[in-house]
Amino acid sequence: MDPRAAELLGRPIIGQLGFHGLDGYPHVLPVWFEYREGDVLIASPAAAYKGRALAKDGRAALTVSTVDRPYHIVSVVGDAEVERLPEPERIEFVTAIAARYLGPYDGRRYVEAWIHGGHPGDGELIRLQPRKTNFYVS
């Protein structure tokens, strides 16, 4: 993988996850993600639409882009697997990713509100294993 692509995937940039929906049409959703050991990891509530669709057809893509010119863009195409994420591991993952995107203080506040809102419980981890990664400058 181009080191510039790995560096960009390491930044806290909202990713755009593309997949085939259950209705047969393409869908794209903004997601928080973590790039770890060559995989793109995305947390999801149990039985959410994206998880159900990816469990049926794991072909997926993720794109990230900087917001200033010249735009640096990474496109990842690969196969996604949907794994059960037990509640303790889900809380740990969401805590880490919230701190990544929001910073330690706001990340902690986000997780506290998330827990008090009744969102924990088992969830799913979407693991996108890249087949092809491209880095562009536009």
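Predicted model: local features only at pLDDT ≥ 70, side-chain atom pairs only at ≥ 80, totals over all residues.
Residues are numbered from 1 along each chain as its sequence is written, and side-chain values use heavy atoms, with hydrogens and water left out.

That opening pair belongs to S1 and S5 (residues 59-65), which pair in the antiparallel sense over four bridges; two strands count as paired if DSSP finds at least two bridges between them. The elements themselves are DSSP runs numbered from the N terminus, with helices being H or I runs of at least four residues and strands being E runs of at least two. In general, strands of a sheet pair through backbone hydrogen bonds, either parallel or antiparallel.

S1 (residues 15-20) also pairs with S2, again in the antiparallel sense, over six bridges, and there glycine 15 has valine 31 as its bridge partner. Five residues lie between the strands of this hairpin, in which glycine 24 takes a positive phi near 90°.

Now to the whole sheet, which is open and is formed by seven strands in the order S2-S1-S5-S6-S7-S4-S3, with antiparallel pairing. S2 and S3 are the edge strands, each pairing on one side only. On average, neighbouring strands are turned by 30° against each other, direction ignored; such angles run from 0 to 180 degrees between N-to-C directions, and the axes are lines fitted to C-alpha atoms, for helices over the stretch in contact. Towards the S3 side of that order, S4 and S7 run antiparallel and are joined by six bridges, with leucine 41 having arginine 127 as its bridge partner in S7.

Two helices deserve a mention here. Helix H2 (residues 49-56) packs on the sheet and touches S1, S2, S4, S5, S6 and S7, its direction making about 50° with that of S1, where contact means heavy atoms within 4.5 Å. H3 lies across S2, S3, S4, S6 and S7, and runs at about 115° to S4.

Leaving aside neighbours within four places in sequence, serine 75 is in contact with residues including Leu62, Thr63 and Tyr136.

Finally, the pockets. A pocket is an open set of points, on a 1 Å grid over the protein atoms alone, where a 1.4 Å probe fits, with protein on both sides within 12 Å along at least five of seven lines, and lining residues have an atom within 4 Å of a point. The largest pocket holds about 280 Å³ of space and is lined by 16 residues, of which Trp32, Ala43, Pro45, Val94 and Tyr110 lie nearest its centre. By class, that lining has twelve nonpolar, two polar and two charged residues.

The second largest pocket holds about 170 Å³, and H3 gives the most to its lining, with four residues. Its lining has five nonpolar, no polar and seven charged residues, and Leu41 and Arg127 are among the residues that line it.

Technical notes: Points joined across faces, edges and corners; volume = space filled by probe spheres on them. Nonpolar A, V, L, I, M, F, W, Y, C, P; charged D, E, K, R; others polar.
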